[in-house]
Amino acid sequence: MELTAGVTTELSGAEITMRCLAEEGVEFMFGYPGGAVLPLYDEIFKQEKVKHILVRHEQAAVHAADAYARSTEKVGVVLVTSGPGVTNAVTGIATAYMDSIPVVIISGQVPTHAIGQDAFQEVDAVGVTRPCVKHNFLVKDIKDLAVTMKKAFYLAATGRPGPVLVDIPKDVQTAKTNFFYPQSVSMRSYNPVVKGHSGQIRKALNLLLEAKRPMIYTGGGVVLGNAAPELLQLVHTLGFPCTNTLMGLGGYPATDPQFVGMLGMHGTYEANMAMQNCDVLLAIGARFDDRVIGNPKHFFQEERRIIHVDIDPSSISKRVRVDVPIVGDVREVLQEMNRQLAAGKERPDPVAVKTWWDQIGEWRGRDCLKYDRNSKIIKPQSVVEKLYELTKDMDMYVTSDVGQHQMWAAQFYKFNKPRRWINSGGLGTMGVGLPYALGVQLAHPEATVACVTGEASIQMCIQELSTAKQYRLPVKIVNLNNRYMGMVRQWQEFFHGNRYAESYMDALPDFVKLTESYGHVGMRIDKPEDVEPALREAFSRKNDLVFMDFITDQTENVFPMVPGGKGLSEMILV
Amino acid sequence: MENEPGALSRVAGLFSARGYNIESLTVAPTEDPSLSRMTVVTSGSDDVIEQITKQLNKLIDIVKVVDLSDGDHIERELMLVKVRASGKDREEMKRMADIFRGRILDVTDKAYTIELTGTGAKLDAFLGALEQGAILETVRTGASGIGRGERILKV
């Protein structure tokens, strides 16, 4: 790199790091101080551009930054210290990695001369995080720092996004050099394809136009690729059914009549049946994972043709053979599809598509999400349904943890816009819900943020109630408390002969008192008739964090269910 | 691949994390010191090889991946073998080394150290041809490969 002549002052590595963050337009960084990052914290103290959010555990720092990124189109930023700071962050990093979320994690490291000496709070951060980052760097020379920061942001946000870790030894933070931040960076080994191959797109359209039983299946790629309007246009032009994965919810409006619900292990009957029986499948920004298509051998259909659009070539033909692969940015590819469709006169065969919709209508008639609405015990589904009814017109974001409550939230809350549903899809990390809600609320201070969780998940990051108090983040926690690790209990009931090994949550805290001790508002609701008033009360408290502890039916299960290793059409229904 | 610290562990880690075989792996800097070239010998179905290629390409440090077995290529591996060479075996060992175009690099009154270059199969054949008890020690580099003719891998 060449520096243009001029007066430049020497800055320390810590100052350079903060200047790089300011250059990247970083609003918030989530972190926790420690010995190896003290020079950096000193610089945080001296500046005002980047606001530091102090979490109570490094895992939550990464989750909050991850949710900040999911709910905006920006890169989340984390700062942790060496050793345990990094290892605590690993769960958060892996969560972001599995869902392709752009996060830059800056970690302190022991001084370069101490690396490898088993120094206090030393861990091989690059080695520990290697399998769960898009890329990582150890900056050994202050001269490489600024360009490494640029690369980190570039890598995190482009192509298939993902977390990037920059490990900065303490002596590099205090060393000095001239600061120069490059406008852009190019890497010979990294050139993600953006534009889809137009011949392949033509081929795909021809297949779609000839389809008798078409299906459009979209994932997190549509959300992350900001392609929701283009998807809506395509689906409406073609008149085909559309399903979303758990990660893809909100990518297509859930209240649109062409939406057949989520698919997969706990997907709707109609979505899974249409997926299994279609003759042409268009997959967009999705990866055919085991929770979505079940067993690939069972999913396979000789006559079905599959078109797969994805920015990551390695996602294509990984679990299922694809007939028409299209590598590219989903938005660009969908725009090109819409252009080619608009330019031509061909449209799908209306008779065939009508017959197909009739079939889907029949499947819909199965009413696969039904549950006992007259129960004397609170049904968890009813809480989510009520939550949806009361908040659907608000500027609303919903986060969740992992388990039954997550599936009910996905099934019963209708997301019409992308980036509104924030959950850990790939890694399935219990404990994300509360830190996710905090990250979202910081990004959208005027919006309403609800965290649908369970009494097991919420305890995995419960300490963040303190962070919420410090920064006055009035998130609404909807705790579906069934005194069980519900999803574990469900699997034990179905597949392990009702032996509920260690899945009962004994010695639960009084969540109302617990919440109050952090300075928030707590409510306990145990009668169905109190659900709606409680929700109304909670959401009317604009400035308070409210913890609603709903005592729900202990034996309720999530239906439909495709048992692990089974095929999509082998659902267990209510 | 970029000649960066950690690049090798990214490749090795990818193979173990995704359950791919590594039969051998060789790596060294090229004439351009910023680049290293690695030859990996692996096995799997066409689908698996396609995934390995894609996953390798996804690594940020990897600049280019080619499947040498897609076309004609040359493959060479170097082996050093220490063999017992005393008494009546001594003459026989020398002859075997000559037949396989090996070179004797080091001689003591009890042993020869033989250098042999060739495909993995040739090296296996040499070891197979020796009386097993005569082999004292072997060390192999793993295969390096290059395309035949005009076919070049250049960045």
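Tutor: Let's start where H16(A) passes H22(A) in a right-handed crossing. A crossing is called left-handed if the near helix is turned anticlockwise from the far one by less than a right angle, and right-handed if clockwise. Helices here are DSSP runs of H or I with at least four residues, strands are runs of E with at least two, and both are numbered from the N terminus. This is a predicted model, in which local features need pLDDT of at least 70 and side-chain atom pairs count only at pLDDT 80 or more, while totals for chains, interfaces and linings use all residues. Residues are numbered from 1 along each chain as its sequence is written, and chains are lettered from A and ligands numbered from 1 in the order in which they are written.

Helix H16 of chain A covers residues 380-391 and helix H22 of chain A covers residues 531-540; their axes come within 10 Å and cross at roughly 45 degrees. That angle makes H16(A) oblique to H22(A). The axes are lines fitted to C-alpha atoms, for helices over the stretch in contact, and angles run from 0 to 180 degrees between N-to-C directions. Angles under 35 degrees count as roughly parallel, over 145 as roughly antiparallel, 65 to 115 as roughly perpendicular, and the rest as oblique.

Which residues make the contact between H16(A) and H22(A)? From H16(A) come Ser382(A), Val383(A), Lys386(A), Leu387(A), Leu390(A) and Thr391(A), and from H22(A) come Val531(A), Glu532(A), Leu535(A), Arg536(A) and Phe539(A). Two residues are in contact if their C-beta atoms, placed from the backbone, lie within 7 Å. By class, the residues of this contact of H16(A) with H22(A) are six nonpolar, two polar and three charged. Here Ala, Val, Leu, Ile, Met, Phe, Trp, Tyr, Cys and Pro count as nonpolar, Asp, Glu, Lys and Arg as charged, and the others, Gly among them, as polar.

Now look at another helix pair in chain A. The axes of H11 (residues 269-277) and H15 (residues 350-364) of chain A come within 8 Å and cross at roughly 140 degrees. That makes H11(A) oblique to H15(A), and H11(A) passes H15(A) in a right-handed crossing. Tyr269(A), Glu270(A), Met273(A) and Ala274(A) of H11(A) meet Ile360(A), Trp363(A) and Arg364(A) of H15(A). The residues of this contact of H11(A) with H15(A) divide into five nonpolar, no polar and two charged.

Next, the interior. Helix H1 of chain A (residues 13-23) has eight of its 11 residues buried, so it is largely enclosed by the rest of the structure. A residue is buried if 20 or more other C-beta atoms lie within 10 Å of its own, exposed if 12 or fewer, and partly exposed in between. Among the buried residues of H1(A) are Ile16(A), Met18(A) and Leu21(A). Just after H1(A), Gly25(A) takes a positive phi of about 75 degrees.

The largest nonpolar core has 189 residues, and those with the most contacts inside it are Ala61(A), Val78(A), Ile93(A), Val103(A) and Val104(A). Its largest share, eight residues, comes from helix H3 (residues 58-71) of chain A. A nonpolar core is a set of buried Ala, Val, Leu, Ile, Met, Phe, Trp, Tyr and Cys residues joined through C-beta atoms within 7 Å. Beyond its neighbours within four places in sequence, Ile93(A) is in contact with residues including Val62(A), Ile105(A) and Leu165(A).

Most residues other than glycine have a negative phi, and most peptide bonds are trans. Arg472(A), in the loop between helix H19 (464-470) and strand S18 (476-481) of chain A, has a positive phi near 55 degrees. Arg472(A) counts as exposed, with 12 C-beta neighbours inside 10 Å. Glu502(A) has a positive phi of about 60 degrees and is exposed, with 9 other C-beta atoms within 10 Å. A cis peptide bond with omega about -5 degrees joins Phe559(A) and Pro560(A).

Finally, turn to the partner chain: 12 residues of chain A are in contact with 16 residues of chain B. The side of chain A that touches chain B has five nonpolar, four polar and three charged residues. Chain B has four helices and seven strands.
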